[in-house]
Amino acid sequence: MKHIILTGGGTAGHVTPNIALLPRLRSAGYDISYIGSRDGIEKKLIEAQNIPYYGISSGKLRRYFDWKNFTDPFRVIKGFSEASALMKSLKPDVVFSKGGFVSVPVVMAAGRRHIPVICHESDLTPGLANKLSMPGATKICCNFPETMEHLPKEKAVLTGCPIRRELMNGKRAAALTLTGFLPGKPVLLAMGGSLGAAAINQAVRESLPELLENWQVIHLCGKGKLDQSLQHIKGYVQYEYIQKELPDLFALCDIVVSRAGANAICELLALRKPTLLIPLTAKASRGDQLLNARSFERQGFSMVLEEENLNKETFLHAVTDLSEHRKDYIETMKKCPQTNAIDTIFSLIENATR
C-alpha cells in the first residue's frame with residue numbers, strides 16, 4: 001500500500017483542495033496522513049475526515065515588522081526537526097503540499113530524505129511559502145495559465161484546483177425549502193468568504209430594494225455580521241456562514257457576487273456560475289485576489305468590479321450586465337480544460353511514486 005502525506009494550512013483555502021483529493025486517494029488504496037500546525041484551522045477540518053493528523057511547530061514569515069519575526073524562525077527550525085522525525089517514522093512514498101507556512105518544513109524534510117513532493121499553488125503569483133518549497137518539489141501544479149511564467153519550466157503543470165465532489169451534487173429543491181424562495185424567480189448569491197467582506201455586505205444591503213425587484217438574494221455575510229433589521233424581508237435571506245447546505249445554495253443560484261480567493265473562484269468555475277468578482281484590494285493583501293480576478297476576466301469566466309470603484313450605482317449596473325450576458329459566461333466556462341484537476345493531480349502523484 002502506498003503512503004501519502006498531505007500538508008498545508010493557515011487558511012481553509014490551504015486545506016479544502018487536500019480534502020477534495022481524499023476520495024480518489026482512498027479509492028486507489030492509499031494510506032493517508034496529514035501534517036499541519038498544532039492549532040491551525042486545518043486540524044479541525046482534517047480530523048473530521050478521519051485522517052491521522054500530526055501537528056508540528058509552525059512560524060510565519062511576515063513582510064511587516066512584528067516581534068514574532070524574531071522568534072518564529074526558531075519555531076520553523078523546530079518544525080523541520082519534527083517533520084524530519086515524522087518522515088522517518090511514517091516513511092511516505094510521496095508528499096502533496098497545498099502551501100501555507102506549515103508546509104515549508106514538511107517539504108524540506110521530505111526533500112532531505114529524497115521523498116518526491118508535488119506542490120500546488122492556488123494564486124496567480126506564487127506565495128512566499130511555495131517559493132521556499134519550489135526547489136524541493138518534483139512538480140508544481142497551478143490554477144492559472146499566467147502562473148506558468150513564474151514557475152520552473154520543467155516542474156510546472158497547469159492543473160486547475162481540486163474541487164470537492166459534494167459541491168457538484170447540490171439539490172435545488174433542498175435550497176428552496178431552506179430559503180423559502182419562489183421557484184420561478186432568479187437567485188443571486190453574495191458571499192465574502194468565511195469572515196465575510198464588509199464592502200460586499202454594504203453594497204448588497206444598500207442595493208437591496210432595487211435587487212429585490214428582479215432577484216431573490218442569498219447573502220453569506222460572515223460571522224457576527226448579520227443585520228437584524230433585514231431578517232424578515234421577503235426574498236432575502238442572510239446567514240453568517242453555510243457549510244453543509246452550500247452545495248444546495250450553489251445549485252439554486254443563477255449568478256454569484258464574490259471575493260476572488262483562488263479556491264473559491266475555481267469552485268465557481270467548475271460549477272459554471274457567472275460571477276461578479278470584487279477582489280480584496282492590494283492595500284489589504286499582497287494583491288493576489290486582484291490578479292486572480294483579472295485572469296478570470298481575461299479568460300471570459302467572470303466580471304470584475306474593483307472595490308475602489310464599488311458603490312450602489314456601479315454594483316447594480318454590474319449585476320445587470322452580468323445577468324444579461326449570463327449564457328455567454330456559461331458557454332465559455334464549459335470550454336475550460338482545467339476542470340478535471342483531481343485526475344491530473346492524481347496522475348502526477350502516481351508517476352512520482354513509480
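Predicted model: local features only at pLDDT ≥ 70, side-chain atom pairs only at ≥ 80, totals over all residues.
Helix H11 covers residues 312-324, which is 13 residues. From its first C-alpha to its last, H11 reaches 19 Å. That is close to the 18 Å expected at 1.5 Å a residue.

The N-terminal end of H11 has a cap, asparagine 311. A side-chain oxygen of asparagine 311 lies 3.0 Å from the backbone nitrogen of glutamate 313.

## Two sides of H11

Which residues of H11 are buried? They are Phe315, Leu316, Ala318, Val319 and Leu322. Look down the axis of H11: its buried residues fall within an arc of 160°, so they line one face of the helix. Turned away from that buried side is a face with the exposed residues Glu313, His317 and Glu324. Exposed here means over 50% relative accessible area, and buried means under 20%.

What do the buried residues of H11 pack against? Their partners include four strands: S8 (187-191), S11 (255-258), S12 (275-277) and S13 (302-304). Helix H7 (198-214) and helix H12 (326-334) are partners too.

## The second largest pocket

Rolling a probe the size of a water molecule over the atoms shows where empty space is left. The second largest pocket holds about 340 Å³ of space. It is lined by 18 residues. The closest to its centre are Ala20, Ile163, Arg164, Arg165 and Ile342.

Helix H1 (16-27) and helix H13 (341-352) each supply at least two residues of this lining. H1 gives the most, with four residues.

Key
Residues numbered from 1 in each chain as written. Heavy atoms only, no water. Expected span 1.5 Å × (residues − 1). Buried < 20%, exposed > 50% of the residue type's maximum accessible area, 1.4 Å probe, protein only. Arc of directions from axis to C-beta. Contact = heavy atoms within 4.5 Å. Polar contact = N/O pair within 3.5 Å; in protein donor to acceptor, adjacent residues only side chain to side chain. 1 Å grid on protein atoms, 1.4 Å probe; cavity = no way out; pocket = protein on both sides within 12 Å on 5 of 7 lines; lining within 4 Å. Points joined across faces, edges and corners; volume = space filled by probe spheres on them.
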